[in-house]
Amino acid sequence: MTAASLLRRVDWILIAAVVLLLVIGEQAVKAATVNDLLGNPGFFDRRHIIYIVAGLGFAAIAMVVDPRIYRRLFWFIYGTTIGLLIIVLGFSAARGSQRWIPLPFFTLQPSEVGKVTMIVCLAIIIADCVRRDIRGWGMATRAALLMLPPFALVFVQPDLGTSIVYIAITLTVLVVAGLPGRSVALIGGIAAALVILVLGIMPSIGLPLLRPYQSERITAFLDPQGGSPAAYQAQQAKIAIGSGGLAGRGQGISQTAGSFLPEHHTDFVFAVVGENRGFIGSAIVMLLYLLVFWRIGRLIPRARNLEEAFIAAGVFGLLLTQVGVNIGMNLGIAPTTGIPLPFMTYGGSNTITNLTAVGLALAVGARIVREQATVSGWQERPRRRIVDPLEVPTDAV
Amino acid sequence: MSTPTVDEPTIAQPPPPPEQPVVTAEHFDRDRISRRVAILSGVAIAIVIILILRLWSLQVLDVQSYRAQAISNGLRSIDVPAARGQILDAQGKVLVGSRPSNSVAIDPSRFPDLLTLCGRDLAGPVDARTGNERALGISAALTTAASLPKQRRIARIEAIQQQIDGTKQVRAWAGCTKKYPQLAELARVSGITVAAMEDAIHTASIRAPFDSIVLARDVNRDVLFYLKERAAQYPGVRIVEGTARAYRTSHGAHGTTYPLAPHLWGELAEVSADQVKDQVTYRNAQPGDLVGQRGVERYFDRYLRGTNGSLQRRVNAFGDPVGPIVRSQAAKPGDNIRLTIDYGIQSAAEAALREAITYAKTHGHPAAEGGAIIAMDPRTGAIRAMASNPGFDPATLAGPEGQKYWNSLASDTKRSPLLDRAMTGLYPAGSTFKPVTAIASVEARVAKPDSIIQCTPSTTIDGQTYRNFESGVNEPMNLVQAMTASCDTYFYELGKRLYDATPKSGQFEPQPLWARRLGFGVQTGIDIGGDAAGSVPDATYKKRRFGDDRVHNRWTSGDSILQAIGQGDLQVTPLQIARLYALIANGGTLVEPHVGAAVYGQDGTMREQLPTAPGKKVAIDPYILSTIQKGLEGVTQDPNGTAYSAFQGFPIPVAGKTGTAEKLGKRDFAWFAGYAPANNPTLVVVCVIEQGGFGGVTAAPAVRQVMAKAFGVQEATIGQISSAEKAGVYFGPALGTDPAQQLQTQGTTG
């Protein structure tokens with residue numbers, strides 16, 4: 001595929017929406033961290049820009065690479081992901097969990113990498129199921145078998161937030177792949193029952209499955225005045241956002257820049273936008289996310305093949321879950337879990353991961369079944385053109 | 001989100017690419033997938049709508065409330081500690097003042113897991129730890145307990161020990177220093193013990209979570225400069241400026257200085273949870289305030305403490321100021337307290353006490369360990385001096401090494417330097433108690449002031465022989481003579497008569513009855529509190545003490561006879577004796593001792609005259625009192641008097657009584673209690689020297705020295721007075737009498 005044809009087919013609306021979010025996020029990180037390191041106000045901002053540039057590089061690579069190649073790399077991708085998730089458990093814990101592999105310049109968070117790699121693996125497996133007419137429980141079981149090892153490895157780190165994202169990705173792909181509505185409802189019911197079991201019943205009979213800080217976050221969510229650190233964080237986020245008003249307070253000595261809000265450049269970066277830019281800025285951010293969802297969602301039925309459709313579905317699920325839970329927790333309507341806000345939260349692993357995921361979506365988008373916008377309708381066009389646009393002879397265009 | 005519309009036609013099946021499985025239209029059912037995507041899109045839209053509605057509610061509907069919270073969030077109210085008031089002597093000399101002092105504190109917001117990791121919790125879960133760490137935790141617990149009042153301290157220590165024995169549950173500190181190495185480093189460089197840090201953090205857990213935790217008060221300059229230079233290595237550690245107590249010292253010979261009245265002040269400590277509830281003693285005390293724990297600092301805490309001020313500054317979440325002061329309220333310094341204590345008399349009393357002990361030690365009484373002197377105005381009960389020896393240095397106790405110093409003092413059970421012997425020392429009274437016997441006998445009508453009783457070398461009553469202290473005497477005496485010569489057999493006879501006059505029940509034995517009336521066996525009611533009650537044995541006491549032991553549980557003539565000369569199980573404090581002699585001096589009023597005189601503002605104006613109780617008039621025949629007064633005058637003025645030589649040449653007439661009290665297993669305790677001027681008493685002075693031998697030799701010269709200072713008499717030292725007495729010659733320079741005068745060797749029964 002030539003660079004020219006790729007650039008012609010690329011979804012510039014999606015790119016524009018993501019770049020706008022990146023810029024707003026970068027501004028928020030810069031404003032929030034200006035006082036974090038005395039004498040070095042630009043420290044986090046500079047690092048964040050480097051991560052963004054690196055992430056855009058990964059996105060470009062993901063866009064250029066033909067997704068069909070992933071089938072051949074399936075075991076390599078899956079094995080590497082599992083390997084990294086095992087290796088990370090050997091490193092010493094930071095803030096109570098083992099999530100990071102220290103590298104020079106950078107600490108790698110394998111569970112973030114896994115978000116993208118598992119989307120690819122899951123898409124391949126589910127596509128095979130659909131082709132072999134394995135639907136319903138057979139498909140769900142295969143998906144579960146694939147996702148269980150990475151899920152378990154992330155859960156024991158412990159990283160509740162990321163493991164929830166894995167579940168959400170799986171469910172999204174299964175729903176798109178046509179898992180019967182009854183099964184979806186049943187799986188949803190089982191998940192809800194599990195949540196009640198883990199949060200309610202097990203602790204009450206003396207078998208808590210969550211780490212104290214995890215259950216504390218849940219309690220903090222249920223009782224925001226409880227005075228725990230998590231409740232404090234959530235309360236400070238609400239104060240930051242609420243004080244933004246319609247137009248925002250601008251940047252300066254504020255909740256977020258004054259460090260009243262912990263994690264103001266990571267999990268709670270949305271609160272910074274809320275405080276500095278107000279309702280208008282926050283609503284624009286949410287509409288931009290909606291734009292991203294639309295541009296990715298529209299790819300799913302038009303994808304060149306099932307794998308690519310499910311990759312787009314996985315990316316859709318990944319972004320929707322993270323945006324929903326993260327902003328929900330910033331607004332105090334979801335419990336505090338360590339889920340980043342795509343494109344805006346500071347941090348190398350998640351910035352690169354989410355941009356790579358966008359790169360995957362762009363790759364799918366560049367290879368979709370192109371409708372020929374003619375009056376006569378595109379369905380009459382020879383199918384050959386839409387099998388792989390990259391192989392289309394130039395005279396046919 | 002937009003999805004492919006339903007009327008979009010289904011995409012037909014593409015031909016199979018070579019490396020892929022066959023994809024058929026049935027497999028890639030784009031219609032079906034479109035419908036599923038529509039569901040997902042609905043979910044996404046719903047989520048975004050919910051979030052935007054919530055955003056609207058927070059940012060547009062509730063903006064006022066959140067903006068107000070945000071603004072107050074950025075304002076930090078910083079306490080400005082009030083300077084503690086000064087403690088002044090009767091002339092306005094500063095006895096206890098303040099000096100600048102620096103504390104090391106940490107900001108808990110920089111140590112998120114501090115309380116769970118570092119807070120000591122005896123009931124907490126068991127962690128793997130070394131015995132050493134456990135010992136640290138225990139010692140920390142015990143040192144906290146050490147600062148409690150006595151009864152609560154005992155209870156607390158028992159509880160701690162039970163907990164240690166029972167569960168071995170002491171939370172480890174190791175996890176904390178592992179996570180926050182700067183704390184371990186701080187402990188190392190500053191000499192603040194790990195136990196003390198742990199303690200401070202633990203205490204802080206009951207306070208507001210965002211207040212700074214003071215790890216060590218009054219750190220020395222070296223540590224201060226070290227920390228200031230390396231602030232970057234100790235994130236979250238702060239230096240807080242404040243004040244600490246400064247204590248006046250008294251000057252001894254050869255330029256030596258001594259702490260002044262250390263027992264009187266009491267130490268300062270952070271107010272405890274229980275103390276905050278005590279709104280009488282600790283009026284308006286806030287958690288974190290330093291309050292007096294005992295003595296003057298405690299009793300007058302509500303005047304001395306003052307009111308903390310506050311500054312409101314715009315700060316970041318770590319409390320670092322980032323803007324100007326928004327609002328400030330100045331601290332209101334505490335008021336000064338003027339005491340009745342007189343610096344000159346107090347210094348003289350302490351010097352006299354030291355010299356008397358040294359003298360006793362070097363003159364045949366090596367066991368002489370401690371003693372006390374009290375000087376009091378007999379008309380009002382105002383205490384002019386109150387000295388107890390051995391003492392301690394309150395400045396060291398308030399300093400950075402205070403805890404270690406306290407531990408060493410508290411463990412010194414041989415000398416008990418923390419014991420205020422003047423108020424809480426319990427002693428047999430010896431002959432200083434004889435006036436009580438005299439009063440009881442006359443009031444119970446078993447003798448008249450003029451009754452003549454033969455003073456014999458010994459007397460046998462109910463088959464028991466009682467010896468006179470002075471064995472070479474055998475002459476008839478009246479009360480005046482018996483008091484002057486301290487004739488024991490005279491008072492044995494009174495004790496016998498008092499016993500015989502007792503109803504068979506033993507309940508109303510006049511001797512203990514009068515002892516209690518005259519202030520023994522009960523607390524004196526001194527304003528700073530904390531004095532001991534002592535005990536006055538009687539029939540009830542014997543029953544209680546000996547229970548069913550038929551031989552010992554009855555009140556016998558022997559008990560009455562021994563109590564008549566202040567022996568037996570009788571236990572008195574020097575303060576009680578001072579009160580008795582004040583009563584004799586003032587003609588029958590039992591005064592209430594006090595040290596507080598008035599409250600002054602920082603501008604020097606008097607705020608409040610501290611109330612003093614008028615004293616209790618005890619109904620005693622004036623004739624018996626004047627007879628006793630005459631007897632006491634004879635003690636110092638009659639050549640037969642037991643303190644004649646000690647007061648010889650003293651220009652002011654002194655009345656008093658010596659005492660040489662016996663205590664089982666110990667050497668004799670030397671007493672002297674007296675007042676001056678004898679005709680118009682303005683000062684009572686009582687001295688007791690533990691195991692110091694004869695009262696007339698050891699204690700009386702010390703009293704003379706204090707009186708000399710109080711009345712401005714130029715005097716020789718106590719050593720010279722006592723040596724002269726022993727040699728039978730006095731050559732003191734200022735006595736103004738014939739130095740070659742022969743003195744009788746004294747046979748003191750004290």
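Me: How many bridges join strand 12 of chain B to strand 20 of chain B?

Reply: Strands of a sheet pair through backbone hydrogen bonds, either parallel or antiparallel. Here two strands pair if DSSP finds at least two bridges between them. Strands (E, at least two residues) and helices (H or I, at least four) are DSSP runs, numbered from the N terminus. Strand 12 and strand 20 (residues 596-600) of chain B run antiparallel and are joined by four bridges. B:Arg338 has B:Ala598 of strand 20 of chain B as its bridge partner. This is a predicted model, in which local features need pLDDT of at least 70 and side-chain atom pairs count only at pLDDT 80 or more, while totals for chains, interfaces and linings use all residues. Residues are numbered from 1 along each chain as its sequence is written, and chains are lettered from A and ligands numbered from 1 in the order in which they are written.

Me: In what sense do strand 2 and strand 12 of chain B pair?

Reply: Strand 2 (residues 87-88) of chain B pairs with strand 12 of chain B in the parallel sense, over two bridges. B:Ile87 stands opposite B:Ile337 in that pairing.

Me: Which residues of strand 12 of chain B point which way?

Reply: B:Asn336 and B:Arg338 point one way, B:Ile337 and B:Leu339 the other way, and all are buried. Buried means that 20 or more other C-beta atoms lie within 10 Å of a residue's own; 12 or fewer is exposed, anything in between is partly exposed, and C-beta atoms are placed from the backbone.

Me: What is the strand order in the open sheet of chain B?

Reply: The order of its five strands is 14-13-25-24-23, with antiparallel pairing. Strand 14 and strand 23 (655-661) of chain B are the edges, each pairing on one side only. From one strand to the next the twist averages 5°. Strand 13 (residues 371-376) and strand 14 of chain B share six bridges, one of which sets B:Ala375 against B:Ala385. These two strands form a hairpin with six residues between them, and B:Gly381 in the turn has a positive phi of about 85°. Strand 14 (residues 383-389) of chain B has seven of its seven residues buried.

Me: Which helix lies across strand 13, strand 14, strand 23, strand 24 and strand 25 of chain B?

Reply: Helix 26 (residues 695-711) of chain B does, running at about 35° to strand 24 of chain B. Such an angle, from 0 to 180 degrees, is taken between N-to-C directions of lines fitted to C-alpha atoms, for helices over the stretch in contact.

Me: Which residues have the most contacts inside the largest nonpolar core?

Reply: Nonpolar side chains tend to be buried together in soluble globular proteins. A nonpolar core is a set of buried Ala, Val, Leu, Ile, Met, Phe, Trp, Tyr and Cys residues joined through C-beta atoms within 7 Å. The largest one has 141 residues, and B:Ile373, B:Ile374 and B:Val706 have the most contacts inside it. Helix 14 (residues 343-362) of chain B gives the most to this core, with eleven residues. A contact puts two C-beta atoms, placed from the backbone, within 7 Å.

Reply: A:Tyr346 lies in the loop between helix 13 and helix 14 (348-366) of chain A. A:Tyr346 counts as buried because it has 26 C-beta neighbours inside 10 Å. Beyond four places in sequence, A:Tyr346 touches A:Val29, A:Phe44, A:His48, A:His265, A:Thr266 and A:Val269. A:Val269 is 77 residues away from A:Tyr346 in sequence and 8.0 Å away in space, C-alpha to C-alpha.

Me: Where is the cis peptide bond at B:Pro390?

Reply: The cis bond joins B:Asn389 and B:Pro390, with omega about 0°. B:Pro390 is in the loop between strand 14 and helix 15 (394-398) of chain B. Another cis bond joins B:Ala676 and B:Pro677, with omega about -15°.

Me: Is B:Ser486 buried or exposed?

Reply: B:Ser486 is buried because 34 C-beta neighbours lie inside 10 Å. Phi of B:Ser486 is near 55°, a positive value in a residue other than glycine.

Me: Where does pLDDT stay under 50 in chain A?

Reply: Where pLDDT is low, the predicted coordinates should not be read in detail. pLDDT is the predictor's confidence in each residue, from 0 to 100. The values stay under 50 over residues 372-397 of chain A. Chain A averages 81, and 77% of the residues score at least 70. Among the elements of chain A, helix 15 (residues 384-387) has the lowest mean pLDDT (42) and helix 13 (residues 306-330) the highest (94).
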